[in-house]
Amino acid sequence: MRANLLIRVAVALLAGACVALAQGAQAQGWKPERSVELTIPSSPGGSNDIVGRMVQKLWTDLKLLPVTSSVTNRSGGEHIVAYTYIAQRSSDPYAIGIMSTPMLVNPIQGRTQLTHNDVTPIAYLITEPMIALVRADSNLKTGKDLLESLRKDPASLSIALTSTGHRVSIGLPLHKAGVSIKNVRMPAFKGGGETVTAVLGGHADVLITSVSTSVPHIAAGKMRGLAVSSTQRLGGELASVPTWRELGYESSGSWKGIMAPKGITPEQIAFWEDVMRKSAQSDEIRQYAEKNQWILEFKGAAETKKWMDNEYAALKAIMAELGLARKQ
């Protein structure tokens, strides 16, 4: 009897230990075992490149990954090249990418059939206002000067930009001001670095870009801001730049997030969400945000997916009004 009792106790203890080990292993979840590649959807020098390299640096400096990581710029097609690359790496948790506004606006415009449903949203990281910039010696002083010039002659000025998101940002005030948008010259470039070069070199008159791209050029006295899409004035080098709202108009900004291929497991999603949450909570990113005029707004995977669904519907309506949506 006593021997049988001891055996039953031993079996129970062993079973409990096995459950504890299993729970511990489950709690630890998935972790990468080889190098991770972070894809940036633009050429070096633009806001997406700034964010992507900052994210990868945080992974390294904060020791958030147990493996090494690298950055690859895959520009082209208003981010379509990079987004397609990530989408094609189905179920691969080692292929992470930066995503931003073009992920939502490209399919609405009819540039691609690839949508945010073809990847796995991991996190919404920052909101970044858009700014209209000119050379420091330009006769344009504020956004109102820009709108008035284009209202009188839509072809009088050339506006350099890199994506449909930039077109939406400037399209909103242009539309309200009664400008014939279809007659405005808006050449598209592959990356923010190229647009800056075009404006500084006199090949374009106005630049629409994210504020992080503008700060060093304003600080150096080479460029001047006409209007910014934020709801209130920004600080630092941009403190003197009026908002579009101040001038009586509305505009839109950009956002940056993290994605992975479709088909990765819940454990892999949880790992990357945790990595990006720790990145977003770090003092380092707060310093980056202050320097680059970013608004930190972290959202996890599920919340990001819900936000993207809602934003896609809203952008579809706005772009149809601006004549930027594909005709059904």
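Predicted model: local features only at pLDDT ≥ 70, side-chain atom pairs only at ≥ 80, totals over all residues.

Student: What makes a stretch a helix or a strand here?

Tutor: Both are DSSP runs, numbered from the N terminus: helices are H or I with at least four residues, strands are E with at least two.

Student: Which residues of helix 11 are buried?

Tutor: Buried means under 20% relative accessible area, exposed means over 50%, and partly exposed is in between, using a 1.4 Å probe and protein chains only. In helix 11, Ala301, Thr304, Trp307, Met308, Leu315, Met319 and Leu322 are buried. They cover an arc of only 105° around the axis, which puts them on the same side of helix 11. That arc is taken from the directions from the helix axis to the C-beta atoms. Ala302, Lys306, Ala320 and Glu321, on the other side of helix 11, are exposed.

Student: What makes helix 4 oblique to helix 11?

Tutor: Helix 4 (residues 102–109) packs against helix 11 at about 45°, with the axes 10 Å apart. Axes are lines fitted to C-alpha atoms, for helices over the stretch in contact, and angles run from 0 to 180 degrees between N-to-C directions. Under 35 degrees counts as roughly parallel, over 145 as roughly antiparallel, 65 to 115 as roughly perpendicular, and the rest as oblique. That makes helix 4 oblique to helix 11. The contact (heavy atoms within 4.5 Å) includes Met103, Leu104 and Ile108 of helix 4 and Trp307, Met308 and Leu315 of helix 11.

Student: Is the crossing of helix 4 and helix 11 left-handed or right-handed?

Tutor: Helix 4 passes helix 11 in a right-handed crossing. A crossing is left-handed if the near helix is turned anticlockwise from the far one by less than a right angle, and right-handed if clockwise.

Student: And why are helix 6 and helix 11 called oblique?

Tutor: Helix 6 (residues 164–176) and helix 11 pack at about 60°, with their axes 10 Å apart. Helix 6 and helix 11 are therefore oblique to each other. Their crossing is left-handed. Among the residues in contact are Val168 and Leu172 of helix 6 and Ile318 and Met319 of helix 11.

Student: What makes helix 2 roughly antiparallel to helix 10?

Tutor: The axes of helix 2 (residues 47–61) and helix 10 (residues 283–292) cross at roughly 160° and come within 11 Å. That angle makes helix 2 roughly antiparallel to helix 10. Their crossing is right-handed, and the contact is made by Ile50, Met54, Lys57 and Leu58 of helix 2 and Glu284, Ile285, Tyr288 and Asn292 of helix 10.

Student: Why is helix 8 called largely enclosed?

Tutor: Seven of its nine residues (the helix is 211–219) are buried, so helix 8 is largely enclosed by the rest of the structure. Val211, Val215 and Ile218 are among them.

Student: Why is serine 149 called partly exposed?

Tutor: Serine 149, in helix 5 (residues 143–152), has a relative accessible area of 26%, and is therefore partly exposed.

Student: How do you know that asparagine 106 is buried?

Tutor: Asparagine 106 sits in helix 4, and at 1% relative accessibility it counts as buried. Leaving out residues up to four places away in sequence, asparagine 106 touches Gly77, Glu78, Ile80, Arg111, Thr112 and Thr164.

Student: What about histidine 79: buried or exposed?

Tutor: Histidine 79 has 7% relative accessibility, so it counts as buried. Histidine 79 lies in the loop between strand 2 (69–73) and helix 3 (80–88), and its phi is near 80°, a positive value in a residue other than glycine.

Definitions and conventions:
Residues numbered from 1 in each chain as written. Heavy atoms only, no water.
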